[in-house]
Amino acid sequence: MEILVCVKRVPDTAENEIEVNKDGTDIERDDLVYSVNEWDNYAAEEAIQIRDNVGGTVTVLSVGGEDAEEVVRREMAMGADQGILLSDEAFTGSDGRGISEIIKAEVEKGKYDLILTGAQADDGAGQIGGMLAALLDWPYASLVNLIEIIDESKIKVGREIAGGNQEMSEIDLPCVLSIQTGINEPRYVGIRGIRKVASMEIPVHGTGDLSLSPDVIGKSGAKVKRLDYFVHDPGEGADILEGSIDEILDKLVEILKTKGGIK
Amino acid sequence: MAQTVFTYILHKDGKIDDTAFELISAAKKILPDAPVIAIAVGSGSELEAACNELSASYPEIWKIDDEALSYPNAEIIRGLLPRIIPQGSIVLVPHEHFGMDLSPGLSIKLDTSFLPDAVDFQGMEDGKLKAIREEYSGQVSTHVLCDIAQGSVITIRPGVFKADESKGESGTVVDKTADALKEGLPGQSRRFLEVVEAEVGDVDITKSEILISVGRGIEDEENLEMVNELAETMGGDVSCSRPIVDAKWMEKSRQVGTSGQTVKPKVYLALGISGSFQHMGGVKGAPYVIAVNKNPKAPIFQQADVGVVADILEFIPMLTDKVKEIKG
Ligand SMILES: Cc1cc2nc3c(=O)[nH]c(=O)nc-3n(C[C@H](O)[C@H](O)[C@H](O)COP(=O)(O)OP(=O)(O)OC[C@H]3O[C@@H](n4cnc5c(N)ncnc54)[C@H](O)[C@@H]3O)c2cc1C
Ligand SMILES: Nc1ncnc2c1ncn2[C@@H]1O[C@H](COP(=O)(O)O)[C@@H](O)[C@H]1O
């Protein structure tokens with residue numbers, strides 16, 4: 001099975017408190033720790049496990065600046081066979097459609113049976129997988145939390161739906177799936193693993209290598225544009241308990257008693 | 001021609017989802033004067049019941065009725081809708097499990113812009129729709145401009161728009177089945193098999209009055225011990241956010257949220273939980289929410305009644321001792 005995994009480099013929210021910069025044009029990027037989008041690790045792990053079971057190759061792809069190479073390499077250290085970086089000045093400012101068009105152009109140069117994306121990334125859009133599938137005219141399933149390979153032409157997938165229930169379907173290959181967290185336990189990647197793939201070549205493809213219409217990519221092609229960042233007015237937020245730790249504990253226990261929080 | 005706003009209706013067992021009314025409010029904020037038409041897809045008497053209920057709030061309902069649609073398979077519906085939705089329309093879909101499956105691809109099929117997970121709208125600016133979204137699980141918000149001139153598919157976060165149930169309509173149901181199906185049934189490459197129901201756990205947290213809920217801030221599986229002790233001392237049950245279940249530290253049946261359980265306790269104590277809408281979407285019945293988080297800007301503090309800025313690893317044992325003390 002030839003599998004493509006799409007990964008995005010994002011600020012690591014477990015390591016950083018995300019703050020808006022002074023003029024609201026961006027988040028505060030100094031000292032940010034970046035990593036691969038949480039969902040994408042599950043997608044890469046799933047791809048590697050499928051390959052290990054049925055054979056084939058896993059290719060990892062990212063659209064981004066030069067820095068995005070590090071996340072591609074990290075997933076190669078997990079066990080992906082090869083990586084591709086799609087990078088070009090002209091890609092900057094693309095909206096979800098634009099990113100999907102760029103990935104589609106690369107997909108058409110190869111021959112893939114299965115494309116995995118994460119369910120969502122840092123901006124909570126959850127759009128790339130579904131758009132890519134529609135652009136390719138391939139079937140799609142989102143929020144996938146189970147994959148079983150039936151044969152070369154079809155697989156069984158479980159989708160997470162409300163209430164912890166699971167929707168089972170059969171889906172024909174090639175297809176695109178967006179992967180939900182919890183589908184597997186992504187393996188740990190240590191420094192040694194990264195070192196092992198340090199010298200592997202990661203080709204960089206840009207507009208010259210891909211057949212892309214300029215009207216759908218970059219800032220000028222974007223129909224959806226972010227204007228600014230701001231912090232939601234915490235006006236009616238929680239009453240924050242202040243004082244010494246003993247005072248806070250006293251107040252809290254008092255509240256718990258009156259609200260029925262202690263039995 | 002004026003743009004029409006279509007709302008996609010979720011319904012189950014003949015009952016329509018609350019989002020059906022929230023989408024009306026969202027539609028009115030996007031284009032106050034545009035006609036709003038509900039689209040309901042399904043089959044037989046269940047669809048009929050849903051349409052009946054809709055007709056009290058919507059002037060017009062378009063239905064697609066076919067046996068093959070008795071379970072909402074997004075792959076099929078994504079193929080059907082472009083056959084009936086006029087070019088340039090705005091389509092609103094709830095941003096939940098089905099909407100996330102249907103919508104991004106639908107925008108491609110309709111060749112419109114796509115705006116995911118909108119939480120508010122602020123009218124038009126430079127001929128474009130100005131919307132508010134959140135990023136980084138709600139840690140920051142953004143204004144975005146979305147070009148809707150050639151139509152748009154917009155997913156709406158459930159629960160943020162007030163339900164518009166201004167009754168009094170006696171809406172007409174228009175049967176669009178023939179138009180939708182005249183070229184046959186699309187989406188056959190994804191075939192629905194069954195729904196596997198969630199496993200029932202040892203404790204039914206949906207019945208708990210006091211929930212001590214723990215999130216990624218607990219850092220380590222071993223630290224769950226102190227949470228259990230606190231819960232026992234308070235006389236409550238332990239629940240959790242999704243990362244705890246993903247890590248297999250607790251059973252899925254303990255997960256609170258849109259893809260877990262919907263709980264209705266009296267008191268909800270959130271420990272090291274950031275407060276994503278998918279988590280808080282499972283906290284219903286207006287409980288008294290107490291949040292403990294080391295980040296004073298964590299979104300959970302916007303939703304809690306009372307907050308404590310502290311490291312839970314230090315705070316939990318101290319709270320346990322204090323509760324023990326007053327219980328004597
Ligand atoms: C379709 C879909 C469905 C989903 N369904 C659910 C669902 O049902 N339930 C659910 O919970 N999530 C769900 N999620 C995931 C959700 O988006 C969030 O990723 C998740 O809720 C985050 O969990 P958390 O708050 O525990 O972790 P985080 O967002 O990582 O937050 C951890 C918090 O702990 C704080 N913290 C860290 N260390 C400490 C410490 N020592 N002391 C005090 N505070 C500390 C941090 O400041 C942070 O605020 C879903 C996602 C998707 C895409
Ligand atoms: N710049 C990117 N490069 C590669 N894949 C991406 C990129 N942006 C998003 N994706 C993929 O799309 C998924 C969903 O992201 P999004 O639609 O942006 O929420 C991610 O988990 C990735 O798999």
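This is a predicted model: local features need pLDDT of at least 70, side-chain atom pairs count only at pLDDT 80 or more; totals for chains, interfaces and linings use all residues.
**View 1. Chain A and chain B share an interface.** Start with the whole contact: chain A gives 81 residues and chain B gives 81 residues. The size of an interface is often given as the accessible area lost when the parts come together. Here the two chains bury about 7,300 Å² between them, with 56% of that on carbon and sulfur atoms. In chain A, the residues that lose the most area to chain B are A:K223, A:F230 and A:K263, and together they make up 9% of what that side buries.

View 2. Side chains of opposite charge can pair when their charged atoms come close. The interface of chain A and chain B holds twelve salt bridges, and the count over all chains comes to 39. For one cross-chain example, find B:K297 and A:E19, whose side chains meet in a salt bridge at 3.2 Å, N to O. Polar contacts link the chains too, with 42 residue pairs counted between chain A and chain B. On the chain A side, the elements giving two or more residues include α1 (38–54), β12 (224–230) and α7 (245–259) of chain A. The largest share comes from α7(A), with ten residues. Sorted by kind, the residues of chain A that touch chain B are 35 nonpolar, 20 polar and 26 charged.

**View 3. Strands from the two chains pair up.** Follow β9(A) to strand β13 (residues 190–196) of chain B: six bridges join them, and they run antiparallel. One spot to look for is A:Q166, whose bridge partner in β13(B) is B:V196.

View 4. A:R159, A:E167, B:D101 and B:R190 are linked here in a network of salt bridges. Within this group, A:E167 forms a salt bridge with A:R159, and their closest N and O atoms are 3.2 Å apart. Are these two residues, A:E167 and A:R159, buried or exposed? Both A:E167 and A:R159 are buried.

View 5. Look in the loop between β6 (90–94) and α4 (97–110) of chain B to find B:H95. B:H95 counts as buried because its relative accessibility is 3%, under the 20% cut-off. Its side chain joins that of B:T155 in a polar contact of 2.9 Å. Leaving out residues up to four places away in sequence, B:H95 touches residues including A:G124 and A:A125 in chain A, and B:M100, B:D117 and B:F277 in chain B.

**View 6. Two salt bridges link distant parts of chain B.** The side chains of B:K28 and B:D164 meet in a salt bridge at 3.0 Å, N to O. B:K28 lies in helix α1 (residues 19–30) of chain B, while B:D164 lies in the loop between β11 (152–156) and β12 (172–175) of chain B, 136 residues apart. B:K28 is partly exposed, with a relative accessible area of 42%, whereas B:D164 counts as buried at 14%. Now turn to B:E229 and B:K324, whose side chains meet in a salt bridge at 2.6 Å, N to O. B:E229 belongs to helix α6 (residues 224–234) and B:K324 to helix α10 (residues 312–327) of chain B, 95 residues apart. B:E229 is partly exposed, with a relative accessible area of 39%, and B:K324 is partly exposed at 39%.

How values were computed
Residues are numbered from 1 along each chain as its sequence is written. Chains are lettered from A and ligands numbered from 1 in the order in which they are written. Side-chain values use heavy atoms; hydrogens and water are left out. Contact means heavy atoms within 4.5 Å. Buried area is the accessible area (1.4 Å probe) that two parts lose on being put together, summed over both. A salt bridge is a side-chain nitrogen of Lys or Arg within 4 Å of a carboxyl oxygen of Asp or Glu. A polar contact is a pair of N or O atoms within 3.5 Å; within protein, one must be able to donate a hydrogen and the other to accept it, and residues adjacent in sequence count only if both atoms are side-chain atoms. Helices (H or I, at least four residues) and strands (E, at least two) are DSSP runs, numbered from the N terminus. Ala, Val, Leu, Ile, Met, Phe, Trp, Tyr, Cys and Pro count as nonpolar, Asp, Glu, Lys and Arg as charged, and the others, Gly among them, as polar. Two strands pair if DSSP finds at least two bridges between them. Buried means under 20% relative accessible area, exposed over 50%, partly exposed in between (1.4 Å probe, protein chains only).
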